[in-house]
Amino acid sequence: MTAAAISPMDQAGRLKLLGLVAALMIMPVIVLRAIAGHEWDPGDVVFLGILFAGITIALEVAARIPDRRAYGAGLGLAVLAGLAQIWVNLAVGIIGSEDNPINLIYAAVIAVAVIAAVSFGLRAEGMAKAMVAAALAQSATFLVAFAAGFGFTGPITIFFVSLWLISAWLFRRAERGRPI
C-alpha cells in the first residue's frame with residue numbers, strides 16, 4: 001500500500017495517535033519540571049526524540065500491513081513492552097536504583113527484539129520468533145541478575161515475559177490470517 005492509497009481518515013487517525021503518544025511522552029517532562037524543578041539536559045530531549053521516532057516507524061509499519069489487526073496489536077504490544085521496560089529502568093531501575101549499571105543488561109532484551117525483528121524482515125512469522133527471542137532474553141536477565149546476587153526480579157520479569165509472549169501469539173495469528 002502506498003502513501004497515496006492511504007485514506008485521509010487513516011492518516012488523520014494516525015496523526016491523532018501520534019499526537020497522543022507525543023503528549024504522553026512529554027507529560028513526565030512537564031510534571032517533573034513544574035513540580036520538582038527538575039532540569040532536563042539535551043540528552044533527555046534526544047532520547048525522547050529517538051523513542052518517538054521508533055513509535056512512529058512502528059505505527060507506519062503496522063498501518064501498511066493489509067490485515068493489520070493482529071499484526072498491529074502484536075506490534076503495539078511489543079513496542080509497549082520495550083518502552084515500558086526502558087521507562088521503568090530509567091525512572092527507578094529494575095535492579096536497585098536507576099543509577100545501578102547492572103540495569104544495562106535490560107538493553108540487551110530490547111536489542112534482541114529489534115535486531116531479530118529487522119533480520120526477519122518484519123514479517124509476521126519472523127516477528128513471532130523475535131518476540132519469543134525477547135522473552136528468552138528477558139528470562140536470561142533474571143537468571144543473570146539473580147545468580148550474580150543482585151536480587152529477585154521475578155514479578156517484573158514475569159510481567160515483561162508475558163508481554164513478549166502475548167505479542168508473539170498475536171503475530172502467529174497474523175501469520176495464519178486469523179483475527180484477534
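Guide: Let's start with a term: contact, or touching, means heavy atoms within 4.5 Å. This is a predicted model, where local features need pLDDT of at least 70, side-chain atom pairs count only at pLDDT 80 or more, and totals for chains, interfaces and linings use all residues. Residues are numbered from 1 along each chain as its sequence is written, and side-chain values use heavy atoms, with hydrogens and water left out.

Now find Ser167, in helix 6 (residues 154-175); helices here are DSSP runs of H or I, at least four residues, numbered from the N terminus. Not counting residues up to four places away in sequence, Ser167 touches Gly74, Leu77, Ala78 and Met131. Ser167 counts as buried because its relative accessible area is 0%, and buried means under 20% (1.4 Å probe, protein chains only).

Gly74, Leu77 and Ala78 are among the buried residues of helix 3, and so are Tyr71 and Leu75. Just after helix 3, Gly93 has a positive phi of about 85 degrees.

Met131, also touched by Ser167, brings us to the largest nonpolar core: a nonpolar core is a set of buried Ala, Val, Leu, Ile, Met, Phe, Trp, Tyr and Cys residues joined through side-chain atoms within 4.5 Å. Of its 26 residues, Tyr71, Leu75, Met127, Met131, Trp164 and Phe171 touch the most other members. Helix 3, helix 4, helix 5 and helix 6 each give two or more residues to this core, and helix 5 gives the most, with 8 residues.

Terms used. Buried means under 20% relative accessible area, exposed over 50%, partly exposed in between (1.4 Å probe, protein chains only).
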